[in-house]
Amino acid sequence: MTRRSAITLLIAAVALTFGVTACGGSSSSSGEPTTAATSTESGTTTSVGGSASGTLEGETGPGFDIEVKQDGQDAETVKAGTYTLHVEDKSEMHNFHLIGPGVDEEVTDVPFVGEKSVTVTLEKGTYTYQCDPHASNGMKGTFTVT
Ligand SMILES: [Cu+2]
């Protein structure tokens, strides 16, 4: 429960960050630089709340297909780090579940249709993404984190 809450907070934080960035185009009266969100990169490498080192795109449905892409290509090998995992769930009969070292995240559940983003920290090892009801029908895949 508490872990779920923490994740929800993380999502809220990410959404907030994106929201602020999206609105940052027009000049605000506060004069606060919009680059503030990225300034943490020069800080120490912290494991909590750090900026994501990349984005992974997950897709499940509408057919019996599930995939994870990075930079528009099938993710086969991914560098360890913190990622924003953006999932597009195109069917009410599939879900998107990522399982691997330190991660057991059902990003979207079966009835859900739409898009969701979560932050995941990937460690060295093999990660499996799957649709739980249809994993035994081959609706799953893996990528390696190095
Ligand atoms: Cu499925």
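The model is a predicted one, in which local features need pLDDT of at least 70 and side-chain atom pairs count only at pLDDT 80 or more, while totals for chains, interfaces and linings use all residues. Residues are numbered from 1 along each chain as its sequence is written.

The protein contains one helix and ten strands, where helices (H or I, at least four residues) and strands (E, at least two) are DSSP runs numbered from the N terminus. Their order from the N terminus is α-β-β-β-β-β-β-β-β-β-β. The mean pLDDT (the predictor's confidence in each residue, from 0 to 100) is 78, and 64% of the residues reach 70 or more. Over residues 5–49 pLDDT stays under 50, and the model has 17 contacts beyond four places in sequence for this segment. Two residues are in contact if their C-beta atoms, placed from the backbone, lie within 7 Å. Among contacts between residues at least 6 apart in sequence, 60% join residues at least 24 apart.

An open sheet of five strands has the order S3-S2-S1-S5-S8, with mixed pairing; two strands pair if DSSP finds at least two bridges between them. Strand S3 (73–74) and S8 are the edge strands, each pairing on one side only. Strand S1 (residues 54–60) is joined to S2 by four bridges, and the two run antiparallel. Within this pair, Glu 57 stands opposite Lys 69 in S2, and Thr 60 has Ile 66 of S2 as its bridge partner. Five residues lie between the strands of the S1 and S2 hairpin, where Gly 61 takes a positive phi near 80 degrees. S2 also pairs with S3 in the antiparallel sense, over two bridges; Gln 73 in S3 is the bridge partner of Gln 70. The hairpin of S2 and S3 has two residues between the strands, and Asp 71 takes a positive phi near 55 degrees there.

Five bridges join S6 to strand S7 (residues 103–108), and the two strands form a hairpin with two residues between them. Gly 102 in the turn has a positive phi of about 75 degrees. S6 is also joined to S9, by three bridges in the antiparallel sense, with Gln 130 in S9 as the bridge partner of His 97.

Of the 146 residues of the protein, 19% count as buried. A residue is buried if 20 or more other C-beta atoms, placed from the backbone, lie within 10 Å of its own, exposed if 12 or fewer, and partly exposed in between. In S6, four of the five residues are buried. Leaving aside neighbours within four places in sequence, Val 107 is in contact with Gly 58, Leu 85, Val 87, Phe 96, Leu 98, Lys 116 and Val 118.
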